[in-house]
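Visitor: I've got a model open on my screen and I'd like to walk through it with someone. Could you take my questions one at a time?

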Amino acid sequence: MIAPVPQCQHESTKRHGRDRNGNQRFRCKDCGKSWIEDRPRPLGSMSTDIDAACMALKMLLEGMSIRATARITALEKKTISGLILTVGETCGRLMDSISDVVVNDVKIDEFWSFVGMNQKLATNREAGHDVGDSWTFVAVERNTKMILATHIGKRDGNHTDKFLRKLSRAIDTSARQQISTDGWGGYQYGVPFALGSNIDFGMLVKKYAASQSETRYSPATTIAAEKIPQFCNPNPDQICTSHVETLNQKIRMHLRRFTRLTAAHSKSLDHHVAMQNILFAWYNWHSKHSTIKKTPAMASGLAKNVWSVRQLLENASEV
């Protein structure tokens, strides 16, 4: 295989076959130098056809399972699994590149799921930290619908702090903003510490008829909800988590692995994280929101138009 070399200065060139990954090679008729076509590689080292990959991702993002996607696209299950990991890594970098976004009203919540097995079984088997309960921390801007920051991990102080540091990098903390969260104790001191003094912070604390461990797969009945100011002077009318809870519903409708009481749950943490990264990037840059009639990235000034799935892959691979 001819190694990639910089293109020479001569203008007389011709095609010179392809390498084993399908990249077009060129050769100079004058000096004999050869080089590989310089183009974005949204799928990394994968040789899968880009159109087939985009179709598979669209199916996965519309709630289809890996097996169903494999049957329809004729791609191997291993190929689709590898595609999820490759694209999930690039979409994760794209999400992490969000910075200094001016926000007005941020809603924070965390969504439950599990990897491999439920937490009780994982504890009994001493299965390790990569299986059992998994929580997805999400911050959404109320007006632009932008997903500003996400983090997947356990529902504890360590992972809460990691999520809040991501959120601090994603937003312009010099501007005044209101922050609303649920009653998770990790936010009480973590939010002011991570986001600084230019925030009006309030909590919506809900009381349930039973604990989550008793209801298992669906939330218990809410019997009361109290709005509690935590820092500075939050507007009581804007202390809510309904906007981010709507996103919770969207995640469970669009990702098969979030469907409760099925065998479709994530079997590995890497795939669990990667597929969520793809969904969040797709939601921000591709999906038009019915309320604002544009994508959240357009509303936040991060994009000028709607990105197709192929554009999403190509742009994410360049981050």
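**Around Ser65**

Guide: Happy to, and let's start with Ser65: apart from its neighbours within four places in sequence, Ser65 is in contact with Leu60 and Arg256. Keep in mind that this is a predicted model.

Visitor: Where does Ser65 lie, and is Ser65 buried or exposed, or partly exposed?
Guide: Look in the loop between α1 and α2 (66–73), where Ser65 lies. Buried would need a relative accessible area under 20%, and exposed would need over 50%. Ser65 has 25%, so the residue is partly exposed.

Visitor: How many Å apart are Ser65 and Arg256 in space, C-alpha to C-alpha?
Guide: The two are in contact. In sequence they are 191 residues apart, yet from C-alpha to C-alpha the spacing is 5.8 Å.

**Two helices crossing**

Visitor: How are α1 and α9 oriented to each other?
Guide: The axes of α1 (residues 50–61) and α9 (residues 269–285) come within 11 Å. They cross at roughly 90°. Angles of 65 to 115 degrees count as roughly perpendicular. The two helices are therefore roughly perpendicular.

Visitor: Which class do the residues in the contact of α1 with α9 belong to?
Guide: From α1 come Leu57, Leu60 and Leu61, and they meet Met275, Ile278, Leu279 and Trp282 of α9. Sorted by class, there are no polar and no charged residues here, and seven that are nonpolar.

Visitor: Which residues are linked with Arg310 in a network of salt bridges?
Guide: Side chains of opposite charge can pair when their charged atoms come close. Arg310 is part of a network here, and its other members are Asp51 and Glu314.

Visitor: Which residue forms a salt bridge with Arg176?
Guide: Arg176 is in the loop between α5 and β7 (177–181), and the partner is in strand β8 (residues 199–208), 24 residues apart. The closest N and O atoms are 2.9 Å apart, and the partner is Asp200.

Visitor: How many salt bridges does the count come to?
Guide: The pairs above are among them, including Arg176 with Asp200. With the 4 Å limit between nitrogen and oxygen, the count comes to nine.

Visitor: Which Glu is in contact with Leu148?
Guide: Leu148 is one of the core residues that touch the most other members. Setting aside neighbours within four places in sequence, its contacts include Ile98, Val101, Val103, Leu167 and Ile171. The Glu among its contacts is Glu141.

**Positive phi**

Visitor: What is the phi of Cys232?
Guide: Most residues other than glycine have a negative phi, and most peptide bonds are trans. Cys232 lies in the loop between β9 (222–231) and α8 (242–254), and counts as partly exposed at 47%. Its phi is positive although it is not a glycine, at about 60°.

Visitor: And what is phi of Lys145 near?
Guide: Lys145 is found in the loop between β5 (132–141) and β6. At 12% relative accessibility, Lys145 counts as buried. Its phi is a positive value too, near 70°.

Definitions and conventions
Residues numbered from 1 in each chain as written. Predicted model: local features only at pLDDT ≥ 70, side-chain atom pairs only at ≥ 80, totals over all residues. Heavy atoms only, no water. Axes fitted to C-alpha atoms, helices over the stretch in contact; angles between N-to-C directions. Helix = DSSP H or I, 4+ residues; strand = E, 2+ residues; numbered from the N terminus. Parallel < 35°, antiparallel > 145°, perpendicular 65-115°, else oblique. Contact = heavy atoms within 4.5 Å. Nonpolar A, V, L, I, M, F, W, Y, C, P; charged D, E, K, R; others polar. Salt bridge = Lys/Arg side-chain N within 4 Å of Asp/Glu carboxyl O. Core = buried A, V, L, I, M, F, W, Y, C linked by side-chain atoms within 4.5 Å. Buried < 20%, exposed > 50% of the residue type's maximum accessible area, 1.4 Å probe, protein only.
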